[in-house]
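Please keep the sequence and the structure in view while reading.

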Amino acid sequence: MRILVISDIHANWHALQAIQESYDIALFLGDLVDYGPDPIPCIDWVRNHCSHMVRGNHDHGVAQRCFFQGQQGYRFLTGITRPETCARIEESDRRFLAQMPLTKFLRIGDLRFFLVHATPRDPLDEFTTADPAIWSELTKDIFADFVLVGHTHNPFALKLNHLTVLNPGSVGLPRDSDWRASYAIIDGKNIELKRIEYDREAAIQSLQATKFPDIAKTMLQHVYRHGHLPIR
Ligand SMILES: [Fe+2]
């Protein structure tokens, strides 16, 4: 049983379609939208291919039409790209984002999985590192073999005493200075963290075709090419 685990697509269709793995089940850990130029094909792909999914903070923000002005970094980018994302998606897409659950327990074969975008105590927003002590505390009441998380855009697999915490990294907006799409495969109890190159110049062309402000296009182009924001 090969399980494809993906997270944080962030409307980057070119990155998503580069993942050409064979799999039996696909699981999605949240953040389909915001930042990227192509929310609609990404939403359609997850709707049609993922057996189970959870809602990310960006899915929640777009679904609820939460608009704000961020001062810098990714929060600034969210503030200036979200209006265009909200304008482009259909009402049925908005409902799809809104109806994704915050957490999900499931069993696949002999293995039990708990899915959540951020952390079990704060499913949408808590940002934490791959620290064994922190994750031992955060998962002490979870009865599962795997806890699957996203949100930080930094891939890791952490084997704790009672379970394994897996973050597949970000498909569409890595932040670890490696621009390639990040994802994971679980096959039995084996975990593979994988990266794959994609046509980033095509993704940048899609960015240029949006109505995003020029500063957003410049910042995102840098992230697509380098895997991190420009230093200002
Ligand atoms: Fe994200």
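Contact here means heavy atoms within 4.5 Å. The model is predicted, and the account below should be read with that in mind.

**A residue in strand β6**

Leu148 is found in strand β6, which covers residues 146–148. With a relative accessibility of 0%, Leu148 counts as buried, since buried means under 20% relative accessible area. When neighbours within four places in sequence are left aside, Leu148 is in contact with Val5, Leu27, Leu29, Phe113, Phe114, Leu115, Val116, Leu166 and Ile186.

**The iron site**

Which residues coordinate the iron ion? The donors are Asp8 (OD), His10 (NE2), Asp31 (OD) and His153 (NE2), at 2.1 to 2.3 Å. Along the chain these donor residues follow the spacing D-x1-H-x20-D-x121-H. For orientation, ideal angles at a metal are 109.5 degrees for four tetrahedral donors. The four donor atoms around the iron ion subtend angles of 84 to 174°, and the arrangement is therefore irregular.

| Residue | Relative accessible area | Class |
|---|---|---|
| Asp8 | 0% | buried |
| His10 | 1% | buried |
| His153 | 1% | buried |
| Thr85 | 2% | buried |
| Ser177 | 49% | partly exposed |

Most residues other than glycine have a negative phi. His153, a donor to the iron ion, has a positive phi of about 65° although it is not a glycine, and its place is in the loop between β6 and β7 (156–159). Ser177, likewise not a glycine, also has a positive phi of about 65°, and it lies in the loop between β8 (164–167) and β9 (181–187). Is Ser177 buried or partly exposed? At 49% relative accessibility Ser177 counts as partly exposed, whereas His153 is buried at 1%.

Thr85 lies in helix α4, residues 73–88, and is buried, with a relative accessible area of 2%. Apart from neighbours within four places in sequence, Thr85 is in contact with Val33, Asp34, Pro39 and Val62.

Pro120 is found in the loop between β5 (111–116) and α6 (132–138). Leaving out neighbours within four places in sequence, Pro120 is in contact with Phe114, Trp135, Leu138 and Ile142; Phe114 is also among the contacts listed for Leu148. Pro120 and Thr103 are 17 residues apart in sequence, with 7.9 Å between their C-alpha atoms.

**The pair α7 and α8**

Two packed helices are described by the angle between their axes and the distance between the axes. Helix α7 (residues 200–208) and helix α8 (residues 214–226) pack at an angle of about 170°, with their axes 10 Å apart. An angle over 145 degrees counts as roughly antiparallel, and α7 and α8 are therefore roughly antiparallel to each other. On the α7 side, Arg200, Glu201, Ala203, Ile204, Leu207 and Gln208 take part, and they meet Lys217, Leu220, Gln221, Tyr224 and Arg225 in α8. The residues of this contact divide into five nonpolar, two polar and four charged.

Definitions and conventions:
Residues numbered from 1 in each chain as written. Predicted model: local features only at pLDDT ≥ 70, side-chain atom pairs only at ≥ 80, totals over all residues. Heavy atoms only, no water. Axes fitted to C-alpha atoms, helices over the stretch in contact; angles between N-to-C directions. Helix = DSSP H or I, 4+ residues; strand = E, 2+ residues; numbered from the N terminus. Parallel < 35°, antiparallel > 145°, perpendicular 65-115°, else oblique. Nonpolar A, V, L, I, M, F, W, Y, C, P; charged D, E, K, R; others polar. Donors = N, O, S within 2.8 Å, 3.2 Å for Na, K, Ca; no water. Tetrahedral: all angles 85-135°; square planar, octahedral: opposite > 155°, others 65-115°. Buried < 20%, exposed > 50% of the residue type's maximum accessible area, 1.4 Å probe, protein only.
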